[in-house]
Amino acid sequence: AIAHVPSLKSVEASAVFARELPRLQPQEQGLLLEALAIRGDAGALAAATESLQATNGTVRIAAVVALGRLGDAATVPSLAEALSAAQDAPERGAIEQSFVQLRGGPETDRALIARLDQETQAFKGVLIAALARRNSREAVPALVAQATRGDSTVAKAAFQGLGRMAGPEDAPSLLLALTQLRNEDVRGAAEDATGQALGRVPDVA
């Protein structure tokens with residue numbers, strides 16, 4: 001029956017099946033969330049958001065994956081709360097991937113950037129990696145700030161993200177950040193990022 005959910009014509013179908021989710025076994029809940037994500041309507045979005053609170057990790061990851069397909073900037077707070085409660089690396093990895101997939105372009109990027117100052121050091125790396133994978137040029141100043149004031153793990157993640165997307169116009173900021181480093185453990189990542197940004201200077205010959 002779950003296989004037919006995406007093709008059902010009723011506008012109420014997602015809401016009806018969402019009410020059945022708690023009665024299903026975890027594997028079945030995951031399959032139903034996947035089917036609801038294909039439907040892509042408001043009922044599916046609500047069901048996936050509610051399932052972030054599930055006690056079963058498999059169900060939570062299925063909800064996260066569904067939100068990556070369904071969500072936009074408005075979904076960022078729910079996924080960020082799920083990140084704070086994530087219990088293992090696979091769950092955090094699924095949340096990062098969903099951050100990357102969210103629709104909304106720059107608006108979603110700004111929502112992710114805004115969460116950087118709200119998250120604990122332990123989870124900032126996920127947001128930074130997601131912004132880099134989204135190639136969010138708007139995030140460059142925020143990543144420079146994290147690179148200079150975060151702990152070494154956050155700073156390395158920020159420099160790695162900057163290395164992925166910083167352009168030659170960002171090189172002065174990176175050079176300044178490099179000179180202000182207080183933690184030698186980060187220097188290699190900082191030098192790599194600066195070198196990558198400078199390497200994108202176009203040839204004038």
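Biologist: Is Ser14 buried or exposed, and what is its relative accessible area?

Modeller: This is a predicted model, in which local features need pLDDT of at least 70 and side-chain atom pairs count only at pLDDT 80 or more, while totals for chains, interfaces and linings use all residues. Residues are numbered from 1 along each chain as its sequence is written, and side-chain values use heavy atoms, leaving out hydrogens and water. Buried means under 20% relative accessible area, exposed means over 50%, and partly exposed lies in between (1.4 Å probe, protein chains only). Ser14 is therefore buried, with a relative accessible area of 1%.

Biologist: Which side chain makes a polar contact with the side chain of Ser14?

Modeller: Ser14 sits in helix α1, residues 13-20. Setting aside residues up to four places away in sequence, Ser14 touches Leu36, Arg39, Asp41, Gly43 and Ala44, where contact means heavy atoms within 4.5 Å. A polar contact is a pair of N or O atoms within 3.5 Å; within protein, one must be able to donate a hydrogen and the other to accept it, and residues adjacent in sequence count only if both atoms are side-chain atoms. At 2.8 Å, the partner of the Ser14 side chain is the side chain of Asp41.

Biologist: Let me step back for the overall picture. How many helices and how many strands does the protein have?

Modeller: Helices (H or I, at least four residues) and strands (E, at least two) are DSSP runs, numbered from the N terminus. Along the principal axes, the C-alpha atoms fill a box of roughly 60 × 40 × 20 Å, and buried residues make up 45% of the 205 residues. Among contacts with a separation of 6 or more, 64% join residues 24 or more positions apart. The tally for the protein is 12 helices and zero strands.

Biologist: How far apart are the end C-alpha atoms of helix α4?

Modeller: Helix α4 covers residues 57-70, which is 14 residues. The expected span of a helix is 1.5 Å times one less than its number of residues, so α4 should span 20 Å. The model agrees, because the end C-alpha atoms of α4 are separated by 20 Å.

Biologist: Which helices do the buried residues of α4 pack against?

Modeller: The buried residues of α4 include Val59, Ala63 and Leu70. At the start of α4, a side-chain oxygen of Asn56 comes to within 2.9 Å of the backbone nitrogen of Thr58. The helices that the buried residues pack against are α2 (26-39), α3 (42-51), α5 (76-85) and α6 (89-101).

Biologist: Which residues does Leu67 touch?

Modeller: Leu67 belongs to helix α4 and is buried, with a relative accessible area of 0%. Its C-alpha atom is 9.6 Å from that of Gly40, 27 residues apart along the chain. Not counting residues up to four places away in sequence, Leu67 touches Leu45, Ala48, Thr49, Leu52, Thr75, Leu79 and Leu102.

Biologist: What about the loop between α1 and α2: how far apart are the C-alpha atoms of Leu21 and Leu33?

Modeller: Leu21 is found in that loop between α1 and α2 and counts as buried at 4% relative accessibility. Beyond its neighbours within four places in sequence, the contacts of Leu21 include Gln29, Ala47 and Ser51. Although Leu21 and Leu33 are 12 residues apart along the chain, their C-alpha atoms are separated by 8.4 Å.

Biologist: At what angle do α6 and α8 pack?

Modeller: Two packed helices are described by the angle between their axes and the distance between the axes. Axes are lines fitted to C-alpha atoms, for helices over the stretch in contact, and angles run from 0 to 180 degrees between N-to-C directions. For α6 and α8 (residues 121-133), the axes are 8 Å apart and the angle is about 35 degrees.

Biologist: Is the crossing of α9 and α10 left-handed or right-handed?

Modeller: Helix α9 (residues 140-149) and helix α10 (residues 152-165) pack at an angle of about 145 degrees, with axes 8 Å apart. A crossing is left-handed if the near helix is turned anticlockwise from the far one by less than a right angle, and right-handed if clockwise. The crossing of α9 and α10 is left-handed.
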